[in-house]
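Please open the model in your viewer and keep the selection panel at hand. The tour moves from one selection to the next and says what is there.

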Amino acid sequence: MPLAVGTDAPAFTVKDTNGNTVSLSDFAGKTVVLYFYPKDDTPGCTKQACSFRDAQSNYQGKNVVVLGVSADDEVSHQAFTQKYNLNFPLLADKDKTLINAYDVDGGGYAKRVTYVIDPNGKITHVDANVNTTTHASDVLAALGL
C-alpha cells in the first residue's frame with residue numbers, strides 16, 4: 001500500500017544517472033514528482049519516461065522537479081537516458097532503500113507509483129493507477145499546471 005497523502009516524504013540519498021549523489025533535501029522549497037517504475041527500457045516504462053520528457057517544458061519554471069526511480073543501476077540509467085534523450089534525472093535504487101521506504105516493492109522491482117512532494121516535504125498526491133502514455137499530463141493536472 002503506498003504512503004498516504006499528508007505523510008512526510010521519507011528522506012533519501014542515492015546516486016543519479018551520472019553517479020552524482022542526490023538527496024531529497026537538495027530539493028527543499030521545490031515540488032518533487034518522484035515516480036517509481038519497474039525497469040529501464042521496457043515498453044510501459046519507456047512510454048512513461050518519454051511522457052515526462054515531452055512534458056518537461058511544462059514543468060520548467062514552475063519550481064517542479066521530476067525524478068524517476070527504479071532498482072536499475074547508473075549504467076542502465078545512462079543507456080536508457082541516452083537512447084530516449086531523457087531530460088530529467090533517474091535515481092538508482094539498487095539496494096531498494098527508496099522502494100522500501102516509499103512502500104512500492106513489487107517483489108524485486110518497483111511498483112509503478114508516483115508521489116508528489118510539496119516544498120515542505122509532505123506528500124500531497126499519490127498515483128498508484130498510472131496510465132504510462134498520459135502520466136506526465138495527469139500529474140500536471142493534479143498539480144493544477
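Predicted model: local features only at pLDDT ≥ 70, side-chain atom pairs only at ≥ 80, totals over all residues.

Residues are numbered from 1 along each chain as its sequence is written, and side-chain values use heavy atoms, with hydrogens and water left out.

**The sheet**

Begin by selecting the strands, which, like the helices, are DSSP runs numbered from the N terminus (E, at least two residues, for strands; H or I, at least four residues, for helices). Seven strands form an open sheet with mixed pairing, in the order β2-β1-β5-β4-β3-β6-β7, where two strands pair if DSSP finds at least two bridges between them. β2 (21-23) and β7 stand at the edges with a single partner strand each, so one side of each is left without a neighbour in the sheet. Neighbouring strands are turned by 35 degrees against each other on average, with direction ignored; axes here are lines fitted to C-alpha atoms, for helices over the stretch in contact, and angles otherwise run from 0 to 180 degrees between N-to-C directions.

Next select β6, residues 113-117.

The hairpin of β6 and β7 has five residues between the strands, and in it glycine 121 takes a positive phi near 90 degrees.

**Strands β4 and β5, with helix α2**

Move to β4 (residues 64-70) and β5 (residues 90-92), which run parallel and are joined by three bridges; the bridge partner of valine 69 in β5 is leucine 91. Now show helix α2 (residues 74-84), which packs on the sheet and touches β1 (13-16), β4 and β5, its direction making about 160 degrees with that of β5. Contact, here and below, means heavy atoms within 4.5 Å.

**Helices α1 and α4**

Select α4 and view it against the strands: α4 lies across β3, β4, β6 and β7, running at about 35 degrees to β6. Two packed helices are described by the angle between their axes and the distance between the axes. For α1 (residues 43-59) and α4 (residues 135-143), the angle is about 45 degrees and the axes are 7 Å apart. That makes α1 oblique to α4, given that angles under 35 degrees count as roughly parallel, over 145 as roughly antiparallel, 65 to 115 as roughly perpendicular and the rest as oblique.

Which residues of α1 and α4 meet? Gln48, Ser51, Phe52, Ala55, Asn58 and Tyr59 in α1 meet His135, Ala136, Val139, Leu140 and Leu143 in α4. The residues of this contact divide into seven nonpolar, four polar and no charged, with Ala, Val, Leu, Ile, Met, Phe, Trp, Tyr, Cys and Pro counted as nonpolar, Asp, Glu, Lys and Arg as charged, and the others, Gly among them, as polar.

**Aromatic rings**

Show the aromatic side chains: a search of the whole structure finds 10 aromatic pairs, where rings of Phe, Tyr and Trp (its six-membered ring) pair if their centres lie within 6.5 Å, and planes under 30 degrees apart count as stacked, over 60 as edge-to-face and the rest as tilted. The rings of tyrosine 37 and phenylalanine 80 have centres 6.3 Å apart and planes at 40 degrees, so this pair is tilted. Tyrosine 37 lies in the loop between β3 and α1 and phenylalanine 80 in helix α2, so the pair ties together parts that are 43 residues apart in sequence. Both tyrosine 37 and phenylalanine 80 are buried.

Phenylalanine 52 and tyrosine 59 form another tilted pair, 6.1 Å centre to centre with 45 degrees between the planes. Phenylalanine 52 is buried at a relative accessible area of 0%, and tyrosine 59 counts as buried at 0% as well. Select Tyr35, Tyr37, Phe52, Tyr59, Phe80, Tyr84 and Phe88 together to see one aromatic cluster.

**Two loop residues**

Finish with asparagine 85, in the loop between α2 and β5, whose phi near 50 degrees is a positive value in a residue other than glycine; at 57% relative accessibility asparagine 85 counts as exposed. Lysine 96, in the loop between β5 and α3 (97-101), has a positive phi near 65 degrees and is partly exposed, with a relative accessible area of 22%.

Notes
Buried < 20%, exposed > 50% of the residue type's maximum accessible area, 1.4 Å probe, protein only.
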